[in-house]
Amino acid sequence: MASATGIPDQNPASRGSEENEPLLGEPGDASQKSEKGIQFNFVIGTAVIAQAGIWILTAIVWAAVFTAPVSLFSAHPLLNSAGVLLTTQAILVLQPTHLPKQKKQGTNIHAVLNMTSILSLIAGLIIIEYNKISHGGIHFVSVHAILGLVTYILLIVQALVGITQYYTPSLYGGLDNAKAIWKYHRMSGYLILLLFFATISAATQTDFNKNVLHIQLWAVIVASILTLIGIVPRIQMQKLGLK
């Protein structure tokens with residue numbers, strides 16, 4: 001029997017045994033329990049470490065912005081850091097799901113969080129571009145700007161593929177074809193998260209940060225690593241087609 005999303009229902013026990021083994025730890029350590037609500041996915045297993053890392057990173061950026069003179073440009077780091085925070089939550093909520101009902105609910109929340117993240121990031125991009133144009137600045141020359149542009153492009157492509165492959169699999173010639181690329185969507189999602197952290201790290205080397213915000217590179221790296229320490233062990237290798 002197929003679910004409303006077109007995903008065939010399977011025996012929960014068999015699916016659980018196949019898809020609930022995390023990269024590190026024992027099967028079930030980072031899996032959503034059938035009796036638990038999806039809100040617990042944000043803190044299951046090592047997710048609490050990821051939450052600590054991403055909230056610390058966000059706090060570092062916001063504290064730097066609000067302790068410096070506020071200008072139109074201030075919205076750029078605020079909106080972008082909010083976008084990274086939301087993307088991290090989107091990853092955390094979906095990782096532990098392994099039963100059909102959980103996956104459906106988790107995917108819907110994942111999509112909403114990611115779309116909100118993209119809107120926040122695009123708003124941040126518009127603001128920095130307006131600021132550059134109004135001041136006659138040079139576009140996309142710093143490492144931060146180039147990494148940011150690459151990340152924006154990959155994120156939009158990632159979102160378009162993710163939404164269409166799940167909600168409109170017919171665009172790929174059917175459910176089986178759409179499911180065949182799910183693993184690549186997941187892999188690229190983790191890559192984009194790494195690019196986010198690299199872009200923020202590069203931002204600490206810009207003149208604006210050195211002269212105004214004073215965000216320390218080491219602080220960004222530590223918070224980013226902390227976030228990854230919480231996310232990576234929860235990766236289910238079966239979902240990546242590696243086991």
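Student: Which residues does Q102 touch, leaving out residues up to four places away in sequence?

Tutor: Q102 touches Q32, K33, S34, I38, P96 and T97. Keep in mind that this is a predicted model. A touch here means heavy atoms within 4.5 Å.

Student: Why is Q102 called buried?

Tutor: The relative accessible area of Q102 is 7%. Buried means under 20%. Q102 belongs to helix α4, residues 100-134.

Student: What makes up the fold, helices or strands?

Tutor: The protein chain has nine helices and zero strands. From the N terminus, the elements read α-α-α-α-α-α-α-α-α.

Student: How do you know that the span of α5 agrees with its number of residues?

Tutor: α5 has 25 residues. The expected span is 1.5 Å times one less than the number of residues. That gives 36 Å for α5, and its end C-alpha atoms are 36 Å apart, so the two agree.

Student: Which residues of α5 are buried, and what do they pack against?

Tutor: The buried residues of α5 are A145, G148, T151, Y152, L155, Q158, A159, G162, Q165 and Y166. They pack against α3, α4, α6 (175-180) and α7.

Student: Why would residues three or four places apart point the same way?

Tutor: An α-helix has 3.6 residues a turn, so residues at that spacing point the same way. Among the buried residues of α5 are A145, G148, T151 and L155.

Student: How much space lies in the largest pocket, and which residues are closest to its centre?

Tutor: The largest pocket holds about 890 Å³ of space. Of its 38 lining residues, F73, H76, I128, H144 and A203 are closest to the centre.

Student: Which helices each supply at least two residues of that lining?

Tutor: They are α3 (75-94), α4, α5 (143-167), α7 (182-203) and α8 (207-213). α5 gives the largest share, seven residues.

Student: What is the make-up of the lining by class?

Tutor: The lining of the largest pocket has 20 nonpolar, 15 polar and three charged residues.

Student: How much of the contact count comes from residues 24 or more positions apart?

Tutor: They account for 73% of the contacts with a separation of 6 or more.

Note on methods:
Residues numbered from 1 in each chain as written. Predicted model: local features only at pLDDT ≥ 70, side-chain atom pairs only at ≥ 80, totals over all residues. Heavy atoms only, no water. Helix = DSSP H or I, 4+ residues; strand = E, 2+ residues; numbered from the N terminus. Buried < 20%, exposed > 50% of the residue type's maximum accessible area, 1.4 Å probe, protein only. 1 Å grid on protein atoms, 1.4 Å probe; cavity = no way out; pocket = protein on both sides within 12 Å on 5 of 7 lines; lining within 4 Å. Points joined across faces, edges and corners; volume = space filled by probe spheres on them. Nonpolar A, V, L, I, M, F, W, Y, C, P; charged D, E, K, R; others polar.
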